Amino acid sequence: MSTPCLTPCLTVVRPGLFATIQDLGRFGHQELGMPVAGALDPIGLRLANALVGNPAGTAGVEIALLGPALKVEADSVRVAVVGSMALSLEREGQSAQPLESHRSHTLARGDILKLGAVTGAAVAYLTVAGGFALEPFLGSLSTYVRAGIGPLGGKPLGDGTRLPLHRNDAPPGADVELPEPPDYGGGPVRVVLGPQEDRFTAEAVETFLSATYRVGKDADRMGLRLDGPTLAHTGSADIPSDGLVTGSIQVPGNGQPILLLNDHQTAGGYAKIATVISADLPRVGRLSPGGALSFRAVTVEEAEAVRRRQEQTIAAWVRAIRPVRPAGGVDLEALYAENLVSGVVDIVNGNGDILNREQMCGRAP
Amino acid sequence: MDVRFTTAGDTAFNVEFGEGIDRPTNARVMALHARLKLAALPGLVETVPTFRSLQVVYDPAVTSRREVQAAVEAELAHAADARAEGTLWRLPVCYDADLGPDLAELSAALGLSADRLIALHGSTEYFVYMLGFMPGFAYMGDLPAELEKPRRSEPRVRVPAGSVATAGRLTTVYPWESPGGWHLIGRCPVPLYDGARPSPVLLAAGDRVRFEAVDRARFDALSAAAAAGRFDSDTLRATP
């Protein structure tokens, strides 16, 4: 056994496969070649923060494939998980009990939270009330593993990793839940053509907007290689390197598109046929190898309107967060919490007073 | 003075000043970059300068393309090309054969002796056009025309950190171990990226660089000092 934490923390007692600390991204340093990184599914992270009363951009744990097991070394801690994954709690003297996702849970010292396989999407999120007491780098707690940049040495959580907590105990109030898991929508992924659609033949643009592509096996936080019809350039695939964004769809000389995700390089020299709109980035960030997708073109004005509506929807989901109701009965404790102590769990604004917002939040994209 | 706006979804657009890689075009990119840094437009997230275009990144939850582009167009009317010169750096390079594994092949392909190639590489003051690829990776030009050669047809999976390399009319120092397709001609012993520095990236777009050949003993001494955290990168500044 490892020595106990002297300050409140969660300790990894079994590492997962690929769990990293992420906030909403390290913006403002791309001119130095510094990738933005950040949560692949920002909606998931924002909702997980809302469930524990944190500001939306507070860093959480992004879990891919299989989550870690975490031991609570604090008096108590409130955590929340958003995303579809198997969860269970091991408490001393009790048999292991399954826990639900899309809600908060208040854990006690010595508890072990076991995060299992992530299903139905590439990633899920774990947040803690008050956030992790980690040192931001260039204003952000996002992890860019390729260059070892970010908290915990820029590495994924490993065996024995300690995640220091700002709080030694859970905030007062009852545990809360989302009435429904978030609905990410369906249908074709919406894109704005460009910036270099004029580098492609008319047939290539038509093919791109009508074909079905599959996420290839080369899929990670940098991007997704898409298997499907090749796209012909009118001339060379190469351009003088220019800026990239999350959602850029670049097409190298072999004609196979690559959809760039959060760990993308800041600039690149391949022509880009289209860009995924910001409202659909959480959807593509959740794609795994084998996942199918097609594309539909919209204008910038349409993309902006879709994003504004999406922000209203997310705000409504956050407002709908309610005390957990046990199945088949009235939870008196929760009712008291809701009626008598309202405001203690300030879901919309978060417990901003206990945090240094500048330190905790990445700038929103 | 034609400027072209291209679209990168609903979070960014590019202001393109030309098609090629040249100093006058890049000077216009950097001038607009400098002005927008001072402008503090609401919802503007950042601007990213590249060879011939400036990427303007904005938050569509706060502002809109129409508003940001209008503000950028207003700044364009005032953006003068003239700009304070960036820092001039003197970067040591050891051109020993084991540190520059493509030196022999490249000089043969160019019809030059290795010594001539090294002399030419060190003969020019380079301009940092932009950074990209990895944190601190600087695209510098212009390489003397005699040294022009496209990137390798087979990129390497692993290029050591510090590798000094060329491709086309450009040169660079790889700040990290990474894949890479440029011709490796030497090694720089001092870190181009150091997370412990207040400003982790040494070179900024608009800076200038001179390469200075050092022998193996000096290379080893500088490498050891850098590895021990005893190297002060300010000593590389040629201008105070």
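Two residues are taken to be in contact if their C-beta atoms, placed from the backbone, lie within 7 Å. The structure is a predicted model, in which local features need pLDDT of at least 70 and side-chain atom pairs count only at pLDDT 80 or more, whereas totals for chains, interfaces and linings use all residues. Residues are numbered from 1 along each chain as its sequence is written, and chains are lettered from A and ligands numbered from 1 in the order in which they are written.

The contact between the two chains draws on 35 residues of chain B and 34 residues of chain A. Helices (H or I, at least four residues) and strands (E, at least two) are DSSP runs, numbered from the N terminus. On the side of chain B that touches chain A, at least two residues come from each of β1, β2, β3, β4 (53-58) and β6 (126-131) of chain B. The most is given by β3(B), with four residues. This side of chain B comprises 18 nonpolar, twelve polar and five charged residues, where Ala, Val, Leu, Ile, Met, Phe, Trp, Tyr, Cys and Pro count as nonpolar, Asp, Glu, Lys and Arg as charged, and the others, Gly among them, as polar.

In chain B, four strands make up an open antiparallel sheet in the order β1-β2-β4-β3; two strands pair if DSSP finds at least two bridges between them. Because β1 (4-8) and β3 (44-49) of chain B stand at the edges with a single partner strand each, one side of each has no neighbour in the sheet. From one strand to the next, the twist averages 20 degrees. Five bridges link β1(B) to β2 (residues 12-16) of chain B in the antiparallel sense, and B:Arg4 has B:Glu16 in β2(B) as its bridge partner.

Chain B is divided into domain 1 (4-76) and domain 2 (88-236), with bounds that come from an automatic or database domain assignment. The C-alpha centres of these two domains of chain B are 29 Å apart. Seven residues from domain 1 of chain B and seven residues from domain 2 of chain B take part in the contact between them. Helix α1 (residues 23-39) of chain B gives the most to the domain 1 side, with three residues. That side of domain 1 of chain B has four nonpolar residues, two polar and one charged.

Where pLDDT is low, the predicted coordinates should not be read in detail.

An open sheet of mixed pairing in chain A contains eight strands in the order β21-β14-β15-β18-β17-β20-β13-β22. Its edge strands, β21 (292-293) and β22 (295-297) of chain A, each pair on one side only. Within this sheet, β13 (residues 189-193) and β20 (residues 272-276) of chain A run antiparallel and are joined by three bridges; A:Leu193 has A:Ala274 in β20(A) as its bridge partner.

The loop between β18 (258-260) and β19 (267-270) of chain A contains A:Leu261. A:Leu261 is buried (20 or more other C-beta atoms within 10 Å of its own), since 24 other C-beta atoms lie within 10 Å. Beyond residues up to four places away in sequence, A:Leu261 touches several residues, including A:Leu40, A:Arg221 and A:Thr246.

Terms used. Axes fitted to C-alpha atoms, helices over the stretch in contact; angles between N-to-C directions. Buried ≥ 20, exposed ≤ 12 C-beta atoms within 10 Å, placed from the backbone.
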